Amino acid sequence: MTLDKALDAARARFAEDNPASRAAHEEAAAHLPGGNTRTTLFYQPFPLTMASADGCRLTDLDGHTYVDLLGDYTAGLYGHNNPVIRGAVEAALDGGWNYGAHGPDEARLAAVLCERFPSLELVRFTNSGTEANLLALATATTHTGRGTVLVFTGAYHGSVLSFGDSAFPLNVPHRFVVAEYNDVAETASVIDRHAADLAAILVEPVLGSGGCLPADPAFLAYLRERADETGALLIFDEVMTSRMSAGGMQELLGITPDMTTLGKYTGGGMTFGAFGGRADVMAMYDPRRPGHVAHAGTFNNNVLSMAAGYAGLTELFPPSAARALFERGERLRTRLDAIADGTALVWTGLGSMLTVHFGPGPITSPRDLRPAPALRELFHLDMLARGFHLARRGMIALSLEITDTECDAFCDAVAGFVADLPAQRPE
Ligand code: PLP
């Protein structure tokens, strides 16, 4: 069977198997554009609508159950319905919520984050990773009195900070300059040109949405060096990568940025973001100081995120759990690499974050990526049919609920896909 025919058959089977999801999508489209309020979740012919979740499993409206390998794009680190998170949220609800005043949990959560992440001397909370990055950039431009921000190809720092293939119309109007991720020579020339006005260097230590491409440690070390030399603030966006160790990639690599942004699972699966870093930089937000800068936000200290975040980090994700998760991901990728050997599949990633691409490899920077929309769609539909939920773009983020049993079953499923792979045709 050719690739086109295999894809047609997979789409037809998906549509036939999921009438309730199709109906839910059509109903939603009456009031949400395309039935959607989070673009990443959309795929053709229509996305599944989930009815419930427990542990590492999701159940859709048509009653199919899937192993959840996506883990809500890293936000679902604790899996679904974890009793510790549920207990923390219920206890917070028992105390009432939305105080319009300080609560006890925000200081506890701040303390545990500052203990774990080497760069965090002081931290503030937001409602999302996007907002955390917006605030980190605004902090950098205010602190330095400069306006240029260096970002990298393939980077995603939020819904208004996206640096994929083409210029993104919703991006906030900072003076962005873009260099190729992992390319020291190109980065050097961009920094040389903009050194005098450089406020910030914003970088994901592993490109997440951009395809799970780890930064070369030498590349990050170079950014550290140039930030010191130019006076720009080095900001690690660890919204996804904070899971790589108890103290994120900065701890793993021993490279300390000036500022860090967090989000996703760090709020225990509730809405969350955080930005923080050097005390001399963050001091601008100290309301006891004359001339301080105001940073408001109705839900910055919402009790559910504060309580769930603290319980998750302290009870479910101690350093040993972070190490074990990292190692499980590394073992899984090694096995998937072996299955992919000699095929069109190329796995990239680090620790518990992985993405499948379609060759040729190796892939170390966005410029190595080749679009393969038909194979990508076929892989996604095939994995759903085999009972595995992952991102349409091929991303996986293991939760703490994923065990060897699910990893073994997923390796079998990928081996099955490879064995059935239709005749390769250039797309
Ligand atoms: N930064 C990175 C690296 C991300 O992956 C994301 C989201 O995927 C964000 C920032 C934005 O976070 P949020 O979706 O919470 O706004």
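Begin by selecting Gly 55, which lies in the loop joining β1 (50-54) to β2 (57-60). The model on screen is a predicted one. With a relative accessibility of 13%, Gly 55 counts as buried, because the limit for that class is under 20%. Display its surroundings next: leaving aside residues up to four places away in sequence, Gly 55 touches Gly 79, His 80 and Glu 401. For a sense of scale, draw a distance from Gly 55 to Phe 272; the two C-alpha atoms are separated by 21 Å, and the residues are 217 apart along the chain.

**The two domains**

Now colour the chain by domain. Domain 1 takes in residues 3-69 together with 329-423, and domain 2 covers 83-316. Their centres, taken over C-alpha atoms, are 28 Å apart.

Turn next to the boundary between them. Here 20 residues of domain 1 are in contact with 22 residues of domain 2. The size of an interface is often given as the accessible area lost when the parts come together. For domain 1 and domain 2 the buried area is about 1500 Å², and carbon and sulfur atoms give 63% of it. Select Leu 350, Met 353 and Pro 366: these residues supply 38% of the area that domain 1 buries against domain 2, more than any other three residues.

Polar links also cross this boundary. There are 11 residue pairs in polar contact between the domains, counting pairs with both residues at pLDDT 80 or more. On the side of domain 1 that touches domain 2, the elements giving two or more residues are β15 (345-350), β16 (353-358) and β18 (395-397). Of these, β16 gives the largest share, four residues. Sorted by class, this side of domain 1 has 10 nonpolar, eight polar and two charged residues.

Three salt bridges are counted between domain 1 and domain 2. To view a salt bridge, select Arg 367 and Glu 186, whose closest N and O atoms are 3.6 Å apart.

**Salt bridges elsewhere on the tour**

The count of salt bridges comes to 25. Which residue forms a salt bridge with Arg 335? Select Asp 408, where the closest N and O atoms of the pair are 2.7 Å apart. This pair links distant parts of the chain, since Arg 335 sits in helix α11 (residues 319-340) and Asp 408 in helix α13 (residues 404-420), 73 residues apart. Arg 335 is partly exposed at 36% relative accessibility, and Asp 408 is likewise partly exposed at 35%.

Move on to Arg 386 and Asp 382, a salt bridge in which the closest N and O atoms are 2.5 Å apart. Arg 386 is partly exposed, with 30% relative accessibility, whereas Asp 382 is buried at 19%.

Then select Arg 288 and Asp 286, whose side chains meet in a salt bridge of 2.9 Å from N to O. Is Arg 288 buried or exposed? At a relative accessible area of 75%, Arg 288 is exposed, because that class requires over 50%.

As the last stop, select Arg 224, Asp 228, Asp 258, Arg 278 and Asp 280 together. Arg 224, Asp 228, Asp 258, Arg 278 and Asp 280 are joined in a network of salt bridges.

Terms used:
Residues are numbered from 1 along each chain as its sequence is written. This is a predicted model: local features need pLDDT of at least 70, side-chain atom pairs count only at pLDDT 80 or more; totals for chains, interfaces and linings use all residues. Side-chain values use heavy atoms; hydrogens and water are left out. Domain bounds come from an automatic or database domain assignment. Contact means heavy atoms within 4.5 Å. Buried area is the accessible area (1.4 Å probe) that two parts lose on being put together, summed over both. A salt bridge is a side-chain nitrogen of Lys or Arg within 4 Å of a carboxyl oxygen of Asp or Glu. A polar contact is a pair of N or O atoms within 3.5 Å; within protein, one must be able to donate a hydrogen and the other to accept it, and residues adjacent in sequence count only if both atoms are side-chain atoms. Ala, Val, Leu, Ile, Met, Phe, Trp, Tyr, Cys and Pro count as nonpolar, Asp, Glu, Lys and Arg as charged, and the others, Gly among them, as polar. Buried means under 20% relative accessible area, exposed over 50%, partly exposed in between (1.4 Å probe, protein chains only).
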